[in-house]
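Please keep the sequence and the three-dimensional view at hand while reading.

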Amino acid sequence: MTLPFTLLVQLSWRNLWRHRRRNGMLLAAILVAVGTVVFANAVIRGYQGDMLNDAVNNLAGHVKVLAPGYRADPSIDKSFTIAPDWQPPLDPSLVLGWTSRVRVPAVIMSERETRGVQLVGVDPERETLISFLGEVDIIGGYLEGPADRRVLIGKALAEQLDTRLGRRIVMITQGSDGLNREAGFRIVGLYDGEGTGVEKVFVFTGRETLQALLDTTAITEISVRLIADEYGALAGRQLAASFSDLEVMGWRELQPQIAAMFAFADAAIFIWFTIMMIALGFGLINTLVTAVLERTRELGMLRALGMRPRAVVAQVVIESVLIIGVGLVLGLAVGVWLVSLLDEGIDLGRWAAGVEMFGMRTVLVPRLLVADLVLVAIMTMIFGLIASFYPALRAVRIKPLEAMRR
Amino acid sequence: MVVIRFIAVALAMGLGGTAFSEQADQPTARDLVAAAIDLTRGVSSYTEMSMVIHRPDWQRTSSLRAWTRGREDALIRFTAPAKDAGSATLKTGNKMWTFTPKLNRVIRLPFSMMSQGWAGSDFSYQDLSRTDKLLHQYDLVLIDTQQVDGFTHYTIEATPHENAPVVWGKEEMVIRDDYVLISQTYFDQEMVPLKRLEAVDIGTLGNRVFATRIRMSKLDEPDNWTEISYEKADFDISVDDALFTVFALKTGRAG
């Protein structure tokens, strides 16, 4: 006797409704598990996104071109020149922006204090497209062009130096001849890096101004920002082909620590998911086995009437899939709903000091990726199928004679 | 270097008396500063001095010897206390090195250290190394003339140019008519005085009249000052050129 599939589904569906409370509990467990996985996933993705953004924003870009040796000894000796009309040899539709910079270690002095910083000569307009300068709040004004003779410094640095907007500071750095170059600069603006650590590190001025100070036309780096991280490797290869004597590096190589944390966050998502699913799996097996044992007599009867073992297995598996499926849909809905509630971001301001220590921002915006939702759905269904294997086995092992004699 | 500059200014007045006494009664600010610097070109000197570093809760006295050649080159060596004896600073052109016998190492001074106190004093390395910046990087204006003890004291206000490598809002110098720098005050950009260099004693040494005791004090931190007194000075002596080398710095040879 072969049963039509729809009949099997109907049978399983009715079986589920026979124990509303028990199956309701199971459903709730699935819902909570899937919901929290989706939510935690979005939070971690949000953190990862911030990290990537900061890493790339941090003047690294997705790909960077440097003179050999610059990383070990960042001085103006380790520089190179490009044609004034140079364009990156990349598909323009993949490039969000690019810029060339002169970046040298320098000392900044006010009347009262002295600090070591990185003096960065930039093209202010290009810079806004590719680095954090385009995103941060600036008190005062922004640099007006590559020949601007003023400086933009971090708010925290201004506090350390006991100086203010509109004041003059002195920058001292070293030319390629080893002699000091010094000049006074007026502070055009203070940027608020939200405690991301960059505030005390980077001082910006016009690129041409810095080149003039250093008696050079060379630059120390080209930084390219792409539309997405995935194209980094491709862009790296293409740039390397056109700059055979220079170093072309991705942000992962330039900031291995952040790359490692990034990979760790990926793993964390997976570990979290696995733990939740294993816990859920036992609950599922337990419920299904109970359901099978309860129906020993009934299943024995059905077998005696000629139901194929295959149909018995199908019935259990369908039951499992049904409950998991419903739980999954509800769980995803709850997860998405939770994330949407926190659209504005989670304010970590209360723990600002600790949070900033980890280089995080004070507002964490969870981020949902459709690919992650699909992955959660598929993985959950697979777990459900695996979990139904043992109960199904128990159901098949029921011997009709013994079962009916009970 | 201030020390050197003081010697320089001292020399300037020594010679300056003859250079300017017959000129107009009212020299310009630029003349006053420039003459002082120009007249010291090519002068060599040997001086012995003591330095007192004073802090609210302690005070330290050390002895030093200095050799200069022209305006740019100088070697300063500590002779006492024993702890510091042998430590030396060499300046040639605008490069500077220090030598510490304990480490037996010569360190080329990185530019990041230029604004730090020299040998723990209130003089920064930059104070030591600055030369004729005043002439090229500042607008000089004579703002006051006063008669003090039979001398004319000229007060000159020096305002740095927009892109001058100077952190000060302005500097104010008082120069006597025989070119002794009586005082130099450094103002921050809100025009609040921050530190002051003063001639405490003016006397005659090595046949020249100059500020024989100078004091650099921090005005926002009272009771913090450094005083240098000249005990012996010889001018226009012949100084061995080999003295102004890193080798001499390390081997401690004395001219």
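How many of the 406 residues in chain A are buried, as a percentage? Buried residues make up 40% of chain A. The model is a predicted one, and the points below are grouped by topic, beginning with the two chains.

**The two chains**

- Chain A contains 13 helices and 12 strands.
- In chain A, 83% of the contacts with a separation of 6 or more are between residues 24 or more positions apart.
- Chain B has 5 helices and 13 strands.
- Chain B comprises 255 residues, and 41% of them count as buried.
- For chain B, contacts between residues at least 6 apart in sequence include 47% that join residues at least 24 apart.

**Where the chains meet**

- The contact between the chains involves 16 residues of chain B and 18 residues of chain A.
- On the side of chain B that touches chain A, 9 residues are nonpolar, 5 are polar and 2 are charged.

**The nonpolar cores**

- In soluble globular proteins, nonpolar side chains tend to be buried together.
- The largest nonpolar core holds 102 residues, and those touching the most other members are A:I108, A:V151, A:I169, A:M171 and A:V203.
- With 16 residues, helix α2 (residues 20–60) of chain A gives the most to this core.
- The core lies between domain 1 (5–54 + 259–405) and domain 2 (68–245) of chain A, because both domains give residues to it.
- Another core, of 48 residues, lies apart from the largest one and includes B:A29, B:M173, B:V180 and B:L249.
- Leaving aside residues up to four places away in sequence, A:M171 touches A:A106, A:I108, A:L119, A:E182, A:A183 and A:F185.

**Strand pairing in chain A**

- Strands β2(A) and β3(A) are antiparallel and pair over 8 bridges.
- These two strands, β2(A) and β3(A), form a hairpin in which 4 residues lie between them.
- Opposite A:I108 stands A:R115 in β3(A); A:I108 is also one of the core residues that touch the most other members.
- Strand β3(A) pairs with β8(A) as well, in the parallel sense and over 5 bridges.
- A:L119 stands opposite A:V203 in β8(A), and A:V203 is likewise among the core residues with the most contacts to other members.

**Helix α5 of chain A and the residue after it**

- In helix α5 (residues 207–214) of chain A, the buried residues are A:R207, A:T209, A:L210, A:L213 and A:L214.
- Just after α5(A) comes A:D215, which has a positive phi of about 55 degrees although it is not a glycine.
- A:D215 belongs to the loop between α5 and β9 (221–226) of chain A.
- Is A:D215 buried or exposed? A:D215 is exposed, because 12 other C-beta atoms lie within 10 Å, and a residue with 12 or fewer counts as exposed.

- A:S388 is part of helix α12 (residues 370–397) of chain A.
- A:S388 is buried, with 25 other C-beta atoms within 10 Å.
- Which residues does A:S388 touch, not counting residues up to four places away in sequence? A:S388 touches A:L288, A:V316, A:V317 and A:S320.
- Although A:S388 and A:I318 are 70 residues apart along the chain, 8.9 Å separates their C-alpha atoms.

**Backbone features in chain B**

- A cis peptide bond runs from B:A80 to B:P81, with omega near -5 degrees.
- B:P81 is placed in the loop between β3 (73–80) and β4 (88–92) of chain B.
- B:D223, a residue other than glycine, has a positive phi near 75 degrees.
- The loop between β12 (208–218) and β13 (225–235) of chain B holds B:D223.
- B:D223 is exposed, with 11 other C-beta atoms within 10 Å.

Notes: Residues numbered from 1 in each chain as written. Chains lettered and ligands numbered in written order. Predicted model: local features only at pLDDT ≥ 70, side-chain atom pairs only at ≥ 80, totals over all residues. Buried ≥ 20, exposed ≤ 12 C-beta atoms within 10 Å, placed from the backbone. Contact = placed C-beta atoms within 7 Å. Nonpolar A, V, L, I, M, F, W, Y, C, P; charged D, E, K, R; others polar. Core = buried A, V, L, I, M, F, W, Y, C linked by C-beta atoms within 7 Å. Domains from an automatic or database assignment. Pairing = 2+ DSSP bridges.
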